[in-house]
Amino acid sequence: MSESMSFSQLALPEPILRAVLELGYEHPSPIQEAAIPKLLAGEDLLGQAQTGTGKTAAFALPLLARLDPAQNDPQILVLAPTRELAIQVAEAFQAYARYMPAFHVLPLYGGQNYTTQLKALKRGSQVIVGTPGRIMDHLDRGTLVLDKLRAIVLDEADEMLRMGFIDDVQTIMDATPPGRQVAMFSATMPNQIRAIAQKHLKNAHEVKIESKTSTVERIQQRYVMLDNNQKLDALTRILEGEEYDASIIFVRTKSATEEIAEKLGARGYAVACLNGDMNQAHRELTIRRLKSDQLDVIVATDVAARGLDVERISLVINYDIPYDSEAYVHRIGRTGRAGRDGKAILFVSPRERRLLRTIEHATRQPIEKMSLPTGQVIEQRRIESFRAQLAQTIEAKNLSFFQDLVNDWREKLETTDTDMAAALLYLAQKDSPLNVANQFPEIREPHSRDRDDRAPSSGRDKFSRGDRPERSGDRPERGGDRPPRQRRELKGDYTNYRIEVGKEHGVRAGDIVGAIANEANIDSQFIGNIKLFDHFSTVELPANIPAETMQHLKKVYVRKQKLNISVDTGSTAGGSTSGSAPSSAPRRERTETGSGPRPGAAPRAPRKPRD
Ligand code: AMP
């Protein structure tokens with residue numbers, strides 16, 4: 001991130017700029033700085049960047065700027081691997097376009113009722129964000145027409161490849177007008193992704209967020225895996241449970257600096273924020289107050305904290321993960337000053353896991369996983385702190401007035417010193433109770449590949465809750481009510497399951513992976529070998545799938561066929577194969593677990609046109 005660059009220098013139209021500034025973004029992230037001018041100029045772009053780098057705004061802002069507001073047909077199509085990401089990207093568009101009149105964005109994903117989607121499509125949307133399977137369905141049905149498309153974005157392309165969607169992606173790309181702009185983002189660049197880029201991108205500008213290598217010694221680095229909505233709780237526990245002199249908390253936006261400082265202030269911390277809105281005098285005053293112990297906690301954005309050199313800072317908390325390792329190194333370098341030791345704690349959501357690895361790799365330092373302070377630890381620290389205050393008061397204050405009162409009360413109340421002291425202690429600790437070992441429930445680590453981990457935002461549930469699928473019987477859709485959104489990590493033995501959709505229905509391995517991963521919340525890495533037969537298919541899944549998930553999967557539709565999943569008995573009775581199954585029965589031996597669906601590994605049938 002260059003210090004001088006601001007959003008207003010990026011030539012974004014006023015309504016978009018206003019929205020971005022209102023969101024509290026202070027400066028473009030590195031990927032935004034590199035990508036926005038290129039996309040604004042209409043060029044194709046290949047971006048190597050992962051979640052957490054600000055890549056959504058990197059494509060959404062310039063593409064919105066190029067939109068024709070008078071035109072109500074789809075002009076931008078974003079393909080995303082999962083329902084959750086599609087919703088998040090749609091919400092980001094909505095937020096950035098809040099001052100663009102008559103703007104509509106529509107997320108389209110499997111598991112959502114077709115009638116709802118068709119109604120929304122009829123109303124018209126300039127931006128469509130969808131998962132490949134559902135976009136294909138709408139293209140096939142003629143309910144989504146891409147004639148007027150100006151730009152297509154492939155978001156998390158490597159993830160779409162991993163989930164077996166890449167053929168669909170190719171088909172969709174082929175269905176878009178030749179002149180459209182293409183932006184492709186991928187955290188990694190496997191050959192198949194490069195090949196797509198070479199085929200579909202014209203003179204693409206390539207942007208890679210390189211991380212400079214550096215090492216940070218003397219600083220103990222740890223991370224906590226949590227969902228966004230657990231962060232504030234975790235923060236207050238750390239501030240209570242960890243030992244530090246002063247602490248700096250890094251967040252991404254100035255609005256977040258204010259919000260968190262306010263919340264900590266309400267909990268009794270001597271806290272202030274440091275952000276780009278503050279003038280130099282105010283900034284200097286805040287730093288002086290921090291140096292002179294009047295403040296213990298600062299909540300800052302990267303740029304506002306640049307160059308901050310305060311020896312007292314012994315704990316850095318990365319509340320929002322930094323965009324890249326360079327920013328990380330800068331942040332944690334605010335501690336460990338003047339040869340002192342320091343501690344750095346990083347909050348990571350499951351989606352940001354890869355960014356954590358990138359940072360570790362670039363800094364060549366392991367970042368250890370930590371557990372949050374428990375109720376016992378917090379109780380112990382509160383007791384110690386109280387005792388220290390007590391000792392200091394006995395030592396330093398003239399207590400004769402109070403001693404007289406104590407003596408007087410002991411007689412009048414006919415009680416003992418211990419009872420009196422205990423009662424006084426009880427009264428004194430009321431605002432910050434000491435007996436709290438059981439008051440802090442465990443903050444559970446979210447499941448490792450849960451992709452729905454962002455803090456709820458005002459518009460977030462608009463798409464997910466309101467559009468809960470109501471089954472419409474004959475509609476070919478993927479699933480009805482979904483089980484809870486946590487991704488399941490299923491371990492142990494695998495079993496071969498049979499599903500009642502096969503080659504004659506036009507099914508492909510990617511459809512099955514997508515349906516099971518997205519509808520049953522089973523991570524695609526736990527979906528093993530898939531075999532396609534004429535009238536049915538088999539898929540290897542963990543043996544311990546909960547009954548309610550099986551019930552749910554039975555009702556899921558793929559290619560208009562109810563999956564009716566059952567444990568495969570190996571029999572081909574019921575005329576399923578009608579003699580046209582592969583000569584050997586489906587293999588029973590396990591494919592490697594954890595390898596995920598290997599694209600191309602399963603036999604594929606040519607896509608059949610659907611009504
Ligand atoms: P993404 O990598 O697109 O998933 O974005 C990660 C998070 O960073 C989202 O919560 C964005 O709202 C936020 N974000 C993106 N760009 C900026 C920026 N320039 N300044 C502050 N926050 C940002």
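Reader: How many bridges join strand E9 to strand E11?

Author: This is a predicted model, where local features need pLDDT of at least 70, side-chain atom pairs count only at pLDDT 80 or more, and totals for chains, interfaces and linings use all residues. Residues are numbered from 1 along each chain as its sequence is written, and side-chain values use heavy atoms, without hydrogens or water. Strands are DSSP runs of E, at least two long, and helices are runs of H or I with at least four residues, numbered from the N terminus. E9 covers residues 246-250 and runs parallel to E11, residues 297-300; the number of bridges between them is 4.

Reader: Which residue in E11 is the bridge partner of Ile 248?

Author: Strands of a sheet pair through backbone hydrogen bonds, either parallel or antiparallel. E9 and E11 run parallel, and in E11 the partner of Ile 248 is Ile 298.

Reader: Which are the edge strands of the open sheet?

Author: The sheet has 7 strands with parallel pairing, in the order E10-E11-E9-E12-E13-E8-E14. Two strands pair if DSSP finds at least two bridges between them. The strands that pair on one side only are E10 (271-274) and E14 (368-369).

Reader: At about what angle does helix H13 run to E12?

Author: H13 (residues 325-332) lies across E8 (219-225), E9, E12 (313-318) and E13 (342-348). Angles run from 0 to 180 degrees between N-to-C directions, using axes fitted to C-alpha atoms, for helices over the stretch in contact (heavy atoms within 4.5 Å). The angle of H13 to E12 is about 150°.

Reader: Which residue follows helix H2 with a positive phi?

Author: H2 spans residues 30-40, and its buried residues include Ile 31, Ala 35, Ile 36 and Leu 39. Their cover includes strand E1 (45-48), helix H3 (55-65), strand E6 (181-186) and strand E7 (205-208). After H2, the residue whose phi is positive, near 85°, is Gly 42.

Reader: What percentage of the residues of the protein chain count as buried?

Author: The chain has 20 helices and 20 strands. Of its 611 residues, the buried share is 54%.

Conventions
Buried < 20%, exposed > 50% of the residue type's maximum accessible area, 1.4 Å probe, protein only.
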